[in-house]
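Please open the model in a viewer and keep the selection panel at hand. The tour below moves from one selection to the next.

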Amino acid sequence: MKISQSYSGLQKLLHWAVVLTFAFNYVVSDGMGRALRTFTQTGVNDNTTAKLHVIVGVTTLVLMIIRVVVRLIQGAPALPPAPHPLLEKAAHGVHFLLYAAMIATPAAGGAAWFLGIRAAGEAHEVLVNLTLILIIIHVAAALYHQFILKDNLLKRMAPH
């Protein structure tokens with residue numbers, strides 16, 4: 001993986017597209033358990049919100065797979081020096097877990113919806129909560145860099 005000075009326009013687009021798709025699905029997730037039970041029993045999904053949730057979830061998964069491939073090809077900018085080596089390891093760990101969770105969450109939802117795997121639906125619910133925790137840590141760390149360390153970290157992912 002090569003190291004660049006900033007994220008590419010494509011990487012920024014993918015990042016913010018995933019933010020929007022995840023946020024949308026979180027907002028419209030109420031009632032998905034009922035919609036899944038109805039769909040599993042009848043094979044029919046006449047719930048518009050559930051249809052959107054599934055489409056946007058599949059979109060999130062596709063965007064994340066593309067995002068991983070693009071990151072492997074284009075690399076990522078080097079992190080600014082961390083105030084402590086453990087913080088650098090934590091940053092890498094949270095990024096890895098966030099990428100994994102952002103792939104596993106819609107994959108589990110898809111396995112529940114399309115394959116009728118009940119345990120996948122339960123895993124999907126747990127993964128959504130884990131992903132939210134990781135997002136909060138990620139945002140808090142970015143704000144810490146920007147406003148406490150004042151290293152202008154947010155500029156790397158800011159839209160032009």
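**First stop: a residue of helix H4**

Begin by selecting Leu87, which lies in helix H4 (residues 85-115); helices here are DSSP runs of H or I of at least four residues, strands are runs of E of at least two, and both are numbered from the N terminus. This is a predicted model, in which local features need pLDDT of at least 70 and side-chain atom pairs count only at pLDDT 80 or more, while totals for chains, interfaces and linings use all residues. Residues are numbered from 1 along each chain as its sequence is written, and side-chain values use heavy atoms, without hydrogens and water.

Leu87 is partly exposed, at 42% relative accessible area (buried means under 20%, exposed over 50%, partly exposed in between, with a 1.4 Å probe and protein chains only).

**The nonpolar patch**

Helix H5 (residues 118-149) supplies the largest share of the patch, six residues.

**A charged pair on H5**

Stay on helix H5 and select Glu122 and Arg118, which are four residues apart, about one turn of the helix. They form a salt bridge, with closest N and O atoms 3.5 Å apart (the criterion is a side-chain nitrogen of Lys or Arg within 4 Å of a carboxyl oxygen of Asp or Glu). The structure holds one salt bridge. Glu122 is partly exposed at 46% relative accessible area, whereas Arg118 is exposed at 69%.

**An arginine after H5**

Next, select Arg156, in the segment after H5. Arg156 is buried but has no salt bridge, and Asp151, the nearest side chain of opposite charge, is 7.7 Å away (Lys and Arg count as positive, Asp and Glu as negative; His and the chain ends are not counted).

**The whole chain**

Finally, zoom out to see five helices and two strands, running β-α-α-α-β-α-α from the N terminus. The C-alpha atoms fill a box of roughly 55 × 25 × 25 Å along the principal axes. Of the 160 residues, 35% are buried.
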